[in-house]
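Visitor: Hi! Could you walk me through this structure?
Guide: Happy to. Here it is.

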Amino acid sequence: MSHTNAFISELIRAANEVERLTPSEVSRLLDRSVDTIREMREQANVGGSRRANDVLINLGIASARARDLSTEDIRDTLIDAADVIRALRIILSERE
């Protein structure tokens with residue numbers, strides 16, 4: 001879980017310093033978020049609900065369009081990714 005906590009912190013830190021990020025850094029963070037969310041959902045046996053899939057789709061689209069997003073959109077997307085990962089971390093920790 002410490003890897004997950006570190007990644008959540010990295011996402012929040014990036015959201016707070018969004019002006020310093022390049023589009024490729026934003027894209028890389030969002031791609032890692034998608035991979036992390038998918039992996040954690042599998043571990044938690046959380047079915048692919050429509051809303052959960054929408055989150056992954058939205059993160060994927062944001063990653064592909066990182067160059068075109070406003071700083072506010074980037075900040076919101078990074079925070080959304082951190083929130084989803086945090087929620088999944090809570091689910092997994094409760095099951096241990």
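Visitor: Which helix does proline 23 lie in?
Guide: Proline 23 lies in helix 2. Helices here are DSSP runs of H or I with at least four residues, while strands are runs of E with at least two, numbered from the N terminus. Before we go on, this is a predicted model, where local features need pLDDT of at least 70, side-chain atom pairs count only at pLDDT 80 or more, and totals for chains, interfaces and linings use all residues. Residues are numbered from 1 along each chain as its sequence is written, and side-chain values use heavy atoms, with hydrogens and water left out.

Visitor: Is proline 23 buried, partly exposed or exposed?
Guide: Proline 23 is partly exposed, at a relative accessible area of 28%. Buried means under 20% relative accessible area, exposed means over 50%, and partly exposed is in between, with a 1.4 Å probe and protein chains only. The areas come from the Shrake-Rupley method with a 1.4 Å probe, and for residues only the protein chains shown count as cover.

Visitor: And how far is proline 23 from leucine 69?
Guide: Their C-alpha atoms are separated by 8.8 Å, and the two residues are 46 residues apart along the chain.

Visitor: Back to helix 2: what span should its 22 residues have?
Guide: They should span 32 Å at 1.5 Å a residue, and the end C-alpha atoms are 31 Å apart, which agrees. The expected span is 1.5 Å times one less than the number of residues.

Visitor: Which residues in helix 2 are buried?
Guide: Among them are Val26, Leu29, Leu30, Val34, Ile37 and Met40. The buried set also includes Ser27, Ser33, Thr36 and Arg41.

Visitor: What follows helix 2?
Guide: Asparagine 45 does, and its phi is positive, near 55 degrees.

Visitor: New topic: how many salt bridges does the structure hold?
Guide: It holds three. A salt bridge is a side-chain nitrogen of Lys or Arg within 4 Å of a carboxyl oxygen of Asp or Glu.

Visitor: Which residue does arginine 32 meet in a salt bridge?
Guide: Glutamate 10, at 3.1 Å from N to O. This pair links distant parts of the chain, with arginine 32 in helix 2 and glutamate 10 in helix 1, 22 residues apart. Arginine 32 is partly exposed at 29% relative accessibility, and glutamate 10 is partly exposed at 28%.

Visitor: What about glutamate 19, what does its side chain meet?
Guide: Glutamate 19 meets arginine 75 in a salt bridge of 3.0 Å, N to O. Here glutamate 19 sits in the loop between helix 1 and helix 2, and arginine 75 is in helix 4, 56 residues apart. Glutamate 19 counts as exposed at 56% relative accessibility, whereas arginine 75 is partly exposed at 26%.

Visitor: Where do arginine 86 and aspartate 83 lie?
Guide: Both lie in helix 4, three residues apart, which is about one turn of the helix.

Visitor: Last one: which residues form the negative surface patch?
Guide: Asp31, Asp35, Glu39 and Glu42 form it. Patches are made of residues with over 30% relative accessible area and no salt bridge, joining like charges within 9 Å and nonpolar side chains (Val, Leu, Ile, Met, Phe, Trp, Tyr) within 5 Å. Lys and Arg count as positive and Asp and Glu as negative, while His and the chain ends are not counted. A charge is placed at NZ of Lys, CZ of Arg, CG of Asp or CD of Glu. Glutamate 39 is partly exposed, with a relative accessible area of 48%.
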